[in-house]
Each structure stands twice: as structure tokens, then as C-alpha cells.
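Have the viewer open and work through each one before reading its solution.

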Amino acid sequence: MTRHAPFIPQEAPQRYDLLTRIMHWVFAVAIIYATCAGFALHVITNPTAWRIISVLNMSLATCLIVMFPIRYLWKFFRKEPAEIDSIPAVQISAAHLVHSLIYVLTAVVLTSGFLMVPDGYSFFGFLHIPTLFQAGPVTSHWNAIHRFGCMTLAAIVVLHVAAVLKHRFILKNNVLQRML
């Protein structure tokens, strides 16, 4: 007869694991850059500056396209930090909804961004990445989806950052420390 050790529940970590934190901040910086660059590309008139920003924007997005499935799948395997007791359940549910929206919108923006580019693009100026379509109604369709997705993602990210700042400076709890 074998004896089994009694089940001892493990305490939830106080912050996210290293891979989650790295992916979060890589995506955060890239999304903020891409949002600013996307808006700037509509007003930049210097062709050289426009091309540099555009190539950097598409190249970073290409890196995110590769990283996104890893980030998304990892969320199902990682150990979640303990919930903060002072945060009401309805706010926790709202935060989960916002995080899900960020994932969905990121996927929409990355996919539509790739599909809207006609005739391929330069990856950091070193490698030509072919795309599926030539300029026309299909790329115009994906461009419209991309623009709507970008604006919606930007709004949701602002909401996310505002919530984090509220938790940090008004409620003074450890929400931010969980991702540092």
C-alpha cells in the first residue's frame, strides 16, 4: 500500500511570472509606439521619415505576430497571482473583460495590418516579406478594419492605463507591482 502525501494547496504568487511580464511590456511598448506612429503617418509629409516610421511599424508588428500566439497560449498555463482582496468582484470581472478585449483587438489589428499591405514590405530594411494581395478593394477593406481596430485598441489601452493609475495612486494597492 502506498501512502500519498496530503494535498497542500500552493499559495498563489504575488505577481505574474517573468515570461508574462516581459511579454506584457514588449506588447505595451510596441502598441503605444504603433499607435503614435500610425497617427503620425497621416501627417508626415517627408517621404524618408514616412518610410522609416512605416518600415519600423510593420517590422515591430511582424515581431508581435510571431509572439502573439505564444503570449495568448501562455495565459492558459501560467499561474495567476492572487486577487487583491480590496478589489470588488465586479471590478475584477471588468478587468478580465478589458484584458480579453485587448487580446481580441490586438489579434484584429495584427491580422488586418498584415492583410492591408499590398505587394509586401521590408522587415527592418533587410528582408522582403510578401503579402497576399495587390492594392485594391481587398486591401482597402482590411485597411478600414485595421484603422477601426487601432482606434478601438488605443481607447481600451487608455482605459487600462487609467485603471492601473487609479489603483496605484488613488486606491494605493499592488495592481501595478504584479506586472513589474
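Helices (H or I, at least four residues) and strands (E, at least two) are DSSP runs, numbered from the N terminus. This is a predicted model, in which local features need pLDDT of at least 70 and side-chain atom pairs count only at pLDDT 80 or more, while totals for chains, interfaces and linings use all residues. Residues are numbered from 1 along each chain as its sequence is written, and side-chain values use heavy atoms, without hydrogens or water.

**Exercise 1. Find where Phe68 and Tyr72 lie, and classify their ring pair.**

Solution. Start with the helix: Phe68 and Tyr72 both belong to helix α2 (residues 47-74), four residues apart, about one turn of the helix. Next, recall the rule: rings of Phe, Tyr and Trp (its six-membered ring) pair if their centres lie within 6.5 Å; planes under 30 degrees apart are stacked, over 60 edge-to-face, and the rest tilted. By this rule the count comes to seven aromatic pairs. One of them joins Phe68 and Tyr72, with 6.3 Å centre to centre and 15 degrees between the planes, a stacked pair.

**Exercise 2. Is Phe68 buried or exposed, and how are the rings of Tyr72 and Phe76 arranged?**

Solution. Buried means under 20% relative accessible area, exposed over 50%, and partly exposed in between (1.4 Å probe, protein chains only). Phe68 has 15% relative accessibility, so Phe68 is buried. Tyr72, at 34%, is partly exposed. The ring centres of Tyr72 and Phe76 are 5.2 Å apart with planes at 80 degrees, so this pair is edge-to-face. Phe76 reaches 52% and therefore counts as exposed. Finally, ring pairs link Phe27, Phe68, Tyr72, Phe76 and Tyr103 into a cluster.

**Exercise 3. Which charged residues sit over the rings of Phe27 and Phe76?**

Solution. The test asks for NZ of Lys or CZ of Arg within 6 Å of the ring centre and within 35 degrees of the ring normal. Over the face of Phe27 lies Arg71, 5.0 Å from the ring centre. Over the ring of Phe76 sits the charged end of Lys75, 5.8 Å from the centre.

**Exercise 4. How many disulfides does the structure hold?**

Solution. A disulfide needs a pair of cysteine sulfur atoms within 2.5 Å. The structure holds zero. For Cys63, the nearest cysteine sulfur belongs to Cys150, 17 Å away. The sulfur of Cys150 is 12 Å from its closest cysteine sulfur, in Cys36, so the gap is too far for a bond.
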